[in-house]
Amino acid sequence: MNTSDPRHDWMRQYAEGTASAEITSQLEHALREDAAFRRLFLEYLSVDLALSDRAACLEPAPEPAVVPLRGRLGRAVRTWAAVAAVAALLVVVSAWWLNRQPHRANDKAVAGVLDPYLAIVVDQSPEARWSGTNAPQGLGHALGRDRCCLESGKATLQLDNGVELLLQAPTELQLHSVDHGTLYRGTLSARVPKGATGFRVDAPGLNVVDLGTEFSLAVDDSGQPMVHVFKGKVLAAIPSLPDSRTELAAGDSARFDATGGGLKLGPEDPSLFPALDDDTRLPRTTGDLRFLRRAPKAVKEGTYEHDYVIAFEEQADVVLPQAISVIRGISLQQDAPQPSKPERVTLPAGTRVRSYYVHFDNVGRGMGEVESKGAITFDQPVLGVVIPNWDLKQTDPWSARADTTYETDINRTLEMRFMGSKTYKPQPNISGRYDEVHLGADGHTVTMDLLASWSVDQFRILVSVADDQAAAEPTRADLAQMAKPEHR
Amino acid sequence: MATCDDPHHEMFLRLFTAHEPALRAFVRSLVPLVADASDVMQDVAVVLWQKFGECASGEDFRRWAFGVARFKVLAWQRDRRRDRHLFGTDLTELLAAEAEVQASRLERQREALQHCLDKLPFDQRQLVDTAYTPGQRIDELARRTGRTAMAVYKRLHRIRLALVECARGVMLKEGWT
């Protein structure tokens, strides 16, 4: 279910009785126009009523056990017998529903709804260990507003606004929002992109506000905070001292004494301030997509309890042992009456490729269809994507990582309109919509709009490997020559 | 009027039980406040109970029940329309038709919901039970749990949506479309 649909919020306000006249009017229009939304509306309100009934019946039963009729008993047109009968009837109906037992045993506990996450672990060293309530369980896992501790190793977080945080254990951190966090102890280095300027980190007795920068903040064992600026500027201030605002520029280091109000400018040990990796060859992502800097241990259904799409590199440079068929030039619109078939090409044996894997598994199973959109841009041209499960299986032997456990179930494919055959009708997602994957005109970008509910969405992206990083990138014409069109 | 000794009593109970979720969802969809919706629903139930023997039985119960509900909702709207913006008559008819068509489905949804509620993590189930407790104020609940009222409202909203989807998933497996 598309949780960002504004109509859902109108529906919420209506159900809560807080909808303004304008919202009610918008909702009314939406309900008139869309039969599917009318159905959802009724189902939603039915759930609301069922939860009310459930809570009411969980309360200790009043004496005598009758349904309150809100002071409307005196209406002359009703007889007491009728009212009592209806009251008894409603009690029976409520009890009937509550006493109906589930028809099957729980197959597994499902975390159906979680607080919105703020960040995801995009990299961590093998020895990294986390602790704390709802702390990430490892690479590819997410974290929200709970205070968590990196007990050992290093880890890099990517916040939803693009801010990157490198943590060096032992570090205790709490994110309050994508713009604000508190470092209780340890070391944190931050890279703040332009759009997120103003990112603030608090430490004991110190606030640091980014002014477009890369900086590091460390809190030593005595609780004294230290700041070092790699690039740009930061504003540091001791909250209890109004005149303590200090602007630090690139190369500056400072140690603060929050209790005494002191500030010591000067060089600190550089090893105290780890710098973030600056690998320009890493794919860039946008939207809900997150690129993991190393391969996760597993991409099985249920591994991650968040709604991000994750991608990771499987093989940096592999030679195709045999010719393979890949998809290129997909341009499908959801509402296109007759979507054209995607262009398939054959990559000849001997082609050198870099392979990436994309994985999307929404929170829970069947606890809501979640839509996630994003794009990934590579430094080299995209040769094609491998989508159907049977094609993934063919490429697994040379592309899959030995140290990653993959989803082997047939459900790992996407629900795309062109997936049909003479014997198989393509199945949409629960909402009736299909997944979409597009190759951008630049030849380097893959955009996706994925919906997941009952199964995982997975596919593979194959990217060209340049013989020499300094060599000119192959043009689309080069690629066209290399890949012969194929008809399936 | 039917009585408990009446041979129609059992049939009425069975029919009303089968269609009550859809009737209530329909009434609730057009009456924004739960308390008002309960009042209207009680009016509907009283009329159905009083008139059951003479007006309807068996197969046409659903159509008749929705007709009564539609009438009661329109009457309620007529009395309240001056006070607030309410859905128009045309949408009322559309929702009534939809609820009537979905009656069996909404009944099954209620059964599936029990299964889905069992699958909710404990803290979410607890939140739902607490938030829906009669008389519970959301702002007080928010203060106790260290959240804003809006955060609690939105969390409940996501849980409701998740339960809708879960019930759909359960029903999909059973062949409902």
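This is a predicted model: local features need pLDDT of at least 70, side-chain atom pairs count only at pLDDT 80 or more; totals for chains, interfaces and linings use all residues.
1. Composition of chain A. Chain A contains six helices together with 27 strands. Buried residues account for 39% of its 488 residues. As for contacts between residues at least 6 apart in sequence, 58% of those in chain A link residues at least 24 apart.

2. Composition of chain B. In chain B there are eight helices and zero strands. Of the 177 residues in chain B, 44% are buried. When contacts between residues at least 6 apart in sequence are considered, 67% of those in chain B join residues at least 24 apart.

3. Strand E1 of chain A. Strand E1(A) spans residues 119-124, and six of its six residues are buried, which makes this strand mostly covered. Which strands pair with E1(A)? One partner is strand E5(A), residues 154-159, which runs antiparallel to E1(A) and is joined to it by five bridges. Another is strand E3(A), residues 142-143, also antiparallel to E1(A), with two bridges between them.

4. On the side of E5(A), Ile120(A) lies opposite Gln158(A), and Asp123(A) has Thr156(A) as its bridge partner. Towards E3(A), Ala119(A) is opposite Leu143(A).

5. Strand E5(A) is mostly covered, with five of its six residues buried. Besides its pairing with E1(A), E5(A) is joined by five bridges to strand E6(A), residues 164-177, and these two strands run antiparallel. Within this pairing, Lys154(A) stands opposite Gln168(A) of E6(A). The strands E5(A) and E6(A) form a hairpin with four residues between them, and in this hairpin Gly162(A) adopts a positive phi near 95°.

6. An open sheet in chain A. Four strands of chain A form an open sheet in the order E14-E21-E25-E24, and their pairing is antiparallel. Why does one side of E14(A) and one side of E24(A) lack a neighbour in the sheet? Strands E14(A), residues 284-287, and E24(A), residues 436-439, stand at the edges and have a single partner strand each, so one side of each has no neighbour in the sheet. From one strand to the next, the twist of this sheet averages 15°.

7. The E24-E25 pairing. At one end of the order, strand E24(A) pairs with strand E25(A), residues 445-452, through four bridges in the antiparallel sense. In this pairing, Leu439(A) has Val446(A) of E25(A) as its bridge partner.

8. Helices H5 and H8 of chain B. How are helix H5(B), residues 103-119, and helix H8(B), residues 149-173, placed relative to each other? Their axes come within 8 Å and cross at roughly 115°. The two helices are therefore roughly perpendicular to each other, and the crossing of H5(B) past H8(B) is right-handed. The contact involves Arg108(B), Gln109(B), Ala112(B), Leu113(B), His115(B), Cys116(B) and Lys119(B) from H5(B), which meet Leu163(B), Cys166(B), Ala167(B), Val170(B) and Met171(B) from H8(B). By class, this contact of H5(B) with H8(B) comprises eight nonpolar, two polar and two charged residues.

9. Helices H7 and H8 of chain B. Helix H8(B) also has a contact with helix H7(B), residues 138-145; the axes of these two helices come within 8 Å and cross at roughly 100°. H7(B) and H8(B) are therefore roughly perpendicular to each other. The residues that make the contact are Ile138(B), Asp139(B), Leu141(B) and Ala142(B) in H7(B), with Ala149(B), Ala151(B), Val152(B) and Tyr153(B) in H8(B). Seven residues of the contact of H7(B) with H8(B) are nonpolar, none is polar and one is charged.

Notes: Residues are numbered from 1 along each chain as its sequence is written. Chains are lettered from A and ligands numbered from 1 in the order in which they are written. A residue is buried if 20 or more other C-beta atoms lie within 10 Å of its own, exposed if 12 or fewer, and partly exposed in between; C-beta atoms are placed from the backbone. Two residues are in contact if their C-beta atoms, placed from the backbone, lie within 7 Å. Two strands pair if DSSP finds at least two bridges between them. Axes are lines fitted to C-alpha atoms, for helices over the stretch in contact, and angles run from 0 to 180 degrees between N-to-C directions. Angles under 35 degrees count as roughly parallel, over 145 as roughly antiparallel, 65 to 115 as roughly perpendicular and the rest as oblique. A crossing is left-handed if the near helix is turned anticlockwise from the far one by less than a right angle, and right-handed if clockwise. Ala, Val, Leu, Ile, Met, Phe, Trp, Tyr, Cys and Pro count as nonpolar, Asp, Glu, Lys and Arg as charged, and the others, Gly among them, as polar.
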